[in-house]
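Please keep the sequence and the 3D view at hand while reading.

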Amino acid sequence: MTTLPASSHDALLGLPADPMERLLAVMARLRDPDGGCPWDLKQDFSSIAKHTLEEAYEVVDAIEKGDFEGLKEELGDLLLQIVFYAQMAREEGRFDFAAIAQGIADKLVRRHPHVFGDETIATAEAMTERWEQDKAKERAAKQTDGAPPSVLDGVMMALPALSRTQKIVQRATRAGFDWEKAEDVFPKLEEEITELKAEIPSGDRDRLVDELGDVLFTVVCLANKLKIDPETALRGANRKFERRFRGMEAVLSIKNLQTTPISLQEWEQAWIKVKNQE
């Protein structure tokens, strides 16, 4: 069987040569009620939202691994999500991919007057401040429920808790509600840990959840003060723990954790050995 070159095959399928136009045409074909893919036709905005989150995290994972070939593939998967949303919106007469691209290009031009206008913004810090001011104005313009404006407006509930906490803390910091230096956060952190310890004997789950939440929130405040991204720090801690735990398993020659009894002392000795080898 002779295999046609990709361009010839696309021509027979009626697909355009331009890569972006080709992708849009492929997505439209997949969603075509007449001969499209049953799975793709079954999807809606809500059903693919979880896949969008997964693809975004896979992009981050490839970056952290330094896997640029994998990154190219993961970025394609993420782009597919946008194209999928655009196709569904076009079918409903809401907007299309061109409108998405037009909108983000307009926003970039509007928010970079030092590049596309005659303003002067000399530093990345000044650019960040200007960006936040512009976003605040846009949020205020969108406020329609009559509620008084807040610096916390627009922090989405759907964000992962750690990311949402970081954004809340950053907003409060820009408003001036902040410690003077990182060292000032530790007494508050110690206070929250003490309150958590005090609740443990009670066994009151609601109180324990509340106090643990305060500890975690304060840790994010400390990260913000140290100018450290808590998500990045925690991901690094996860990788370190996983590396060391796998090292312990090798030291203990564990083949089946469920059937091999290992004492806490043995675990601790293995942990020390693995840590000292790093």
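Glu 192 and Lys 188 both belong to helix α10, where they stand 4 residues apart, about one turn of the helix. In this predicted model, their side chains meet in a salt bridge, with 3.1 Å from N to O. Glu 192 is buried at 6% relative accessibility, whereas Lys 188 is partly exposed at 29%.

Another pair is found in helix α8 (residues 124-142), where Arg 130 and Asp 134 are also 4 residues apart, about one turn of the helix. The closest N and O atoms of the salt bridge between Arg 130 and Asp 134 are 3.1 Å apart, and Asp 134 counts as buried, with a relative accessibility of 10%.

## A pair between separate parts

Lys 225 forms a salt bridge with Asp 178, and the closest N and O atoms are 2.7 Å apart. Because Lys 225 lies in helix α11 (residues 205-225) and Asp 178 in the loop between α9 (161-174) and α10 (185-199), the pair ties together parts that are 47 residues apart in sequence. Lys 225 is partly exposed, at 22% relative accessible area, and Asp 178 is partly exposed as well, at 30%.

The whole structure holds 18 salt bridges.

## A buried arginine

Arg 244, in helix α12 (residues 230-251), is buried, with a relative accessible area of 11%. Leaving aside residues up to four places away in sequence, Arg 244 touches Trp 271, Val 274, Lys 275 and Glu 278.

## Cysteines

The structure contains 0 disulfides. Cys 37 is partly exposed, at 25% relative accessible area, whereas Cys 221 is buried, at 9%.

Notes. Residues are numbered from 1 along each chain as its sequence is written. This is a predicted model: local features need pLDDT of at least 70, side-chain atom pairs count only at pLDDT 80 or more; totals for chains, interfaces and linings use all residues. Side-chain values use heavy atoms; hydrogens and water are left out. A disulfide is a pair of cysteine sulfur atoms within 2.5 Å. Buried means under 20% relative accessible area, exposed over 50%, partly exposed in between (1.4 Å probe, protein chains only). Helices (H or I, at least four residues) and strands (E, at least two) are DSSP runs, numbered from the N terminus. Contact means heavy atoms within 4.5 Å. A salt bridge is a side-chain nitrogen of Lys or Arg within 4 Å of a carboxyl oxygen of Asp or Glu.
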